[in-house]
Amino acid sequence: MTPTGRAGKNGARPLSILGKIALVGGAAYAIKTLASRAPAAKETAKWRGKTVLITGGSRGLGLALAYEFGARGCRLALNARDEQELSEACRRLHERGVEAVPFVADISRSGETAPLVARVIEHFGSLDVLVNNAGEIQVAPLRGLAHEH
């Protein structure tokens, strides 16, 4: 979000404060629901072998979702901008027996999205699920954030 509340450099409108709260709340609910129960054998079989691309997958919600998809037998393509964070996330997933491959790209740049998907498909042979989790987080006191109508 720009300080003036206008659209960002990619033309997208920033979320309002209420929109951000709803987004975070929904994500927290999804993680709680997934993490509160071990995957049943039938559910795991349904997901086993599926290729999942998770943008923003090196930390936070993206990494939490990676653990959940990994526990269900998915093959993971993790995407983020920071190569070191991405490598560390994949290393931690590998320790749990999860197949996770890092794909560095900045998807806020439109020219990097199609090549990212092409590299994932080239590596795994298919792409079954896209979790578009990447985003920017603005941290500031509430008074410092622009109000949107």
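Leaving aside its neighbours within four places in sequence, with which residues is Ile54 in contact?

**View 1. Surroundings of Ile54 in the predicted model.** Contact here means heavy atoms within 4.5 Å, and, once neighbours within four places in sequence are set aside, Ile54 is in contact with Gly62, Leu65, Ala66, Phe69, Ala77, Leu78, Asn79 and Val131. This is a predicted model, in which local features need pLDDT of at least 70 and side-chain atom pairs count only at pLDDT 80 or more, whereas totals for chains, interfaces and linings use all residues. Residues are numbered from 1 along each chain as its sequence is written, and side-chain values use heavy atoms, with hydrogens and water left out.

View 2. A nonpolar core is a set of buried Ala, Val, Leu, Ile, Met, Phe, Trp, Tyr and Cys residues joined through side-chain atoms within 4.5 Å, where buried means under 20% relative accessible area with a 1.4 Å probe, protein chains only. The largest such core has 19 residues, and those with the most contacts inside it are Val52, Ile54, Phe69, Leu76, Leu78 and Leu93. At least two residues of this core come from each of strand E1 (51-55), helix H3 (60-71), strand E2 (75-80), helix H4 (83-95) and strand E4 (129-132), with H3 giving the most, five residues. Apart from this core lies another, of eight residues, among them Leu53, Ala77, Phe103 and Val120. Helices (H or I, at least four residues) and strands (E, at least two) are DSSP runs, numbered from the N terminus.

**View 3. The open four-stranded sheet.** The strands are in the order E3-E2-E1-E4, with parallel pairing, and two strands pair if DSSP finds at least two bridges between them. Strand E3 (100-104) and E4 stand at the edges with a single partner strand each, so one side of each is left without a neighbour in the sheet. E1 pairs with E2 over five bridges, and Thr51 has Arg75 in E2 as its bridge partner.

**View 4. Strand E4 beside E1.** E1 and E4 pair in the parallel sense over four bridges, and Val52 stands opposite Val129 in E4.

Note on methods
Buried < 20%, exposed > 50% of the residue type's maximum accessible area, 1.4 Å probe, protein only.
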